[in-house]
Amino acid sequence: MTSIDIALGGRPVVARRSNPGRDVAAIAGRALRRVPRELETVIPPIFIALFFFIVNIGTLQHLTQSHIKGFDIKSFMLPTAILLGVTGISRAGSLVIDIQSGYLDRLLLTPVRRVAILLGHLVADVAIATALMVPIVGLALGLGVRFQAGPLGVLVFLVLGCAWSLAFAAFGYAIALKTGNPAAVNSSFLLFFPFLFMTSSYVPKEQLSGWLAAVATWNPVTYILEGLRSLVSTGWSAAALGEALLAIAGVGVVSFALCFAALRGRLRRG
Amino acid sequence: MNYSFLPEQASGPSAIMTKGLVRRFGDKAAVDGVDLDIRRGEIYGFLGPNGAGKSTTVRVLCTLLTPTSGQAFVAGHDVAREPEQVRLRIGVALQEAALDAKQTGLQLLRLQGRLYGLSRPEIAARLEALSQLIDIGDAIGKPIETYSGGMKRRLDLAAALVHSPEVLFLDEPTTGLDPVSRARMWEEVRRLNSELGMTIFLTTQYLEEADELAGRVGIIDHGRIVAEGTPAELKRRVGNDVIVARLARRDDAALEVVRDLPGVRGAEFHGDELLVSADDGAATIGPVAVALATVSQVRTLTLRTPTLDDVFLELTGNRMESDRSPQPRADARELTEVMK
């Protein structure tokens, strides 16, 4: 027992590296504790998702159901509402605040694994995305939407939504770590528009024409929407789900590569 | 009173050792060949103006930056090759209190403990002990954004101590603090060193801070150590006393007439002040006044003991810019105005 230990309470403590899971859990817990104090970062996405879900159904229900036999606008719009809600959910803004306040340095001065700082934030994002999706899905069920894939389909639906949220969130962290600039992180919102609106968000893919149809064919979100819709409207479809997973994985590979490169760069710059 | 361990009192291997440490940013060397040997139990003051390389040196020693070249060992471990081992053994309070304003002090300290691998009972014991040591009181349960500057500094210091570090780095710990908070921080630094034997590496641009706290001082300028020693040793470099003359106009003839006077070790103009270093100021100030009166009108003539600022001036030709110091310099109390 050192003199320091005796003077500070008599119990010897030896600093040591935690296991990776504990590191990630500690960082994620801290990120989640901030959420109640930063409700402005989570209320707008859920409001936008619920608002457009309700308004779009109200606007298009009569038109679509009178022109397309058997078309259920509520089932069709649910995946759109989910992606509107979870695309861009990230704690990247908080990470920028940590960079600017010097708190990231305090974390880096501890023996915590560098990757755990990033993964902890991403785990928190998954938890927040899940929490955002539950009321949207709940509203849809309340409005009469039924999942053709059953209860397990609901679970897979939520998992796909989380996976997409995670893949997109990594862009925000890449910008946060690269720039340390809150304005730059906020501008990552611009990526949201081409991803979510140049696709089959509002009409079925086969109804798109011209340049928008071409863009939608290359837009990974088209395949994510199709995968999600398959769970709601048609039941289990290995092809649709496989394409959705591939689309999420493709975006995730790019966004995470950028993210980890930005982390390495920031650590190198000190 | 200075409670810090003097080098000869300290024992064991070096707490911090660097050899030819260099850190470049592009073409600019912020740290340019720094050699340090700081023994366990010392308070080492690292003194220099803004941009001299103090904080960069600290960031390298704390593993936040890798050295461009040279070697650095902290608590017996190479900062470049064994950064994890270094991190386990150091505590750091950086220049700006690095805190998460949205957390409570308690949440921040608990998280800090978890990141150092401490168990819940260990963290609880440490927080109990630190609350007494740092005296944060009930505020520890409130959001950090409600804290005063002094409270944030104290919490920052507590966060640096959660894991019982061997070496504590304090990067300008009192910059921006009011005099009361500053005095309190000084007392805590002394206590950590004298009661716990902790090695403390203290960077500061406040001369009196280094003078008050540090057993040894290194002065850094443009990334290089320009002098090192105890404050007393350093001040002896510029003589026992300093005579400061304000003349009606700057006149090089004034230099000529005082330089050759008995007891004068040197004389230099700095701005509108003529600084005369002397072995015995009381005996020399009369002849200096008489000699200056032959070449210029003397507006004021004061006698004081040398400061580290004088040492810095002697070594670099520039004064330290410590005008943000929130309380009068210690040496100012010793001013003796002898002529107006």
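The legends below describe close-up views of a predicted model. Residues are numbered from 1 along each chain as its sequence is written, and chains are lettered from A in the order in which they are written. Local features need pLDDT of at least 70, side-chain atom pairs count only at pLDDT 80 or more, and totals for chains, interfaces and linings use all residues.

**View 1. The contact between chain A and chain B.** Chain A contributes 31 residues and chain B 38 residues, two residues being in contact if their C-beta atoms, placed from the backbone, lie within 7 Å. On chain A, helices H1 (3-7), H2 (20-34), H5 (92-101) and H6 (103-108) each supply at least two residues; helices (H or I, at least four residues) and strands (E, at least two) are DSSP runs, numbered from the N terminus. H2(A) gives the largest share of this side, five residues.

**View 2. An open sheet in chain B.** Four strands, in the order E2-E1-E4-E5, form this antiparallel sheet of chain B; two strands pair if DSSP finds at least two bridges between them. Strands E2 (28-39) and E5 (77-78) of chain B are at the edges with a single partner strand each, so one side of each has no neighbour in the sheet. Two bridges join E4(B) (residues 69-74) to E5(B), and Phe73(B) stands opposite Asp78(B).

**View 3. The hairpin of E9(B) and E10(B).** Strands E9 (residues 216-221) and E10 (residues 224-229) of chain B run antiparallel and are joined by five bridges. Asp221(B) has Arg224(B) as its bridge partner. Two residues lie between the strands, and His222(B) takes a positive phi near 50 degrees.
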